[in-house]
Amino acid sequence: MTGSTLDRVEVHVFRTPIEIPVRTSFGIMTERAAVFVRVEDSDGARGWGEIWCNFPNAAAEHRALLLADIVAPRALGKSIDDPVALWAELDRALHVLRLQSGDPGAFSAAAAGLDLAIHDLRARKRGLPLWRALGGADDSPVPVYASGINPGRAALDTVERARAEGHRSFKLKVGFGEETDLGSLRPVASTLESGERLMVDANQGWDLATACRMAPKLAEFGLGWIEEPLMADRPASEWTQVAAVAPTRLAAGENVRGAGAFQAIIDSGLVGFVQPDVAKWGGHSGCLPVAKASLAAGRTFCPHYLGGAIGLMHSLHLLAAVRGPGLLEVDANPNPLRDGLLQNLMTVTDGCVSLPGGQGLGLEPDLKPLATLRSLHIERHA
């Protein structure tokens, strides 16, 4: 199984309108997009990854082109026997381009998608499920939570639907003003059943004064965490002030890039729930060490994810590999680029999902039913 090199990289972009827009404090999504990556090695083995493009999803094609024209050529023909070493080499090579382009997030996401696909390929060749190839030993079901729940009167309806689907934990969007936020939370909190959990996500929507005013008002809801009450790049002094008045622990990480930056928030103790996104930065090569460092420091690792089917499966495998008390984020909103590919692989039962069988991801995506939704397809060869 040695001597394998990266021989082929394909990238597929899909986009589809959605009936009910997804609202966040920073914008509204009226369609969903996904960038899927397929790789093959010199032995003909294949693997799948996904590049984050949740918002703005107009950037999906841009990220696909970055992978095809800049990232993939730096990896094609190279050994993939050690995916971590290859990712580290790519990360160093892309650093100057992140600076030069002023577009670090897009480059990081493109490299992450490639890394995920290579890890899937390697697990398949080893005959192992991906979670076990990443070092996991526990095959018990993984706890999940329903996420992306829109504000307003629809919040309760979404929670009730998610509960009927098997969810026992729920995260609502806030950051829309005090009246809207509290009005969304109160009906949901009043209907919580024994053992259920409620969290909120401000999506970086508050400044320091607003966060310090709003956080104490959330005490009545017994929240599991308050996510991104400030912009990710605000100084530790501001996060310290919010943590001091918050009625529960803070969560963040989806908008953090780099091992050093993650270690800083872990060491600070200000963030109780560390939430890297494998399709946004690092892939498994970068995020697995962050997950382990989080747990070693007594933090909770809760991977962020709100995209298509392939990235969600990678997020599941990473959490299963490291475990701890964390939950898997599962978008409560309909998404044809997720639901149509997963089939019955992510059925929620009493707040948990079972790990898929088979090798690698345990998912062999059939893209044919999505053909009319594809906006771009590129292939590159060694």
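Across which strands does helix H1 lie? In this predicted model, H1 lies across S1, strand S2 (27–41), S3 and S14. The close-up views below present the sheet, its pairing and the helices.

**View 1. Four strands form an open sheet with antiparallel pairing.** The order of the strands is S3-S2-S1-S14. Strand S3 (46–51) and strand S14 (374–381) stand at the edges. Each of these two has a single partner strand, so one side of each is left without a neighbour in the sheet. From one strand to the next, the twist averages 20°. In general, strands of a sheet pair through backbone hydrogen bonds.

**View 2. Strand S1 (residues 6–24) is joined to S14 by seven bridges.** S1 and S14 run antiparallel. One of the residue pairs is formed by Glu 10 and its bridge partner in S14, Glu 379.

**View 3. Helix H1 (residues 60–71) crosses helix H3 (residues 104–126).** The two axes come within 9 Å and cross at roughly 70°; H1 and H3 are therefore roughly perpendicular to each other. On the H1 side, the contact involves His 62, Arg 63, Leu 66, Leu 67, Ile 70 and Val 71. These residues meet residues of H3, including Phe 107 and Leu 114. The residues of this contact divide into 10 nonpolar, two polar and one charged.

Note on methods. Residues numbered from 1 in each chain as written. Predicted model: local features only at pLDDT ≥ 70, side-chain atom pairs only at ≥ 80, totals over all residues. Heavy atoms only, no water. Axes fitted to C-alpha atoms, helices over the stretch in contact; angles between N-to-C directions. Parallel < 35°, antiparallel > 145°, perpendicular 65-115°, else oblique. Contact = heavy atoms within 4.5 Å. Nonpolar A, V, L, I, M, F, W, Y, C, P; charged D, E, K, R; others polar. Pairing = 2+ DSSP bridges.
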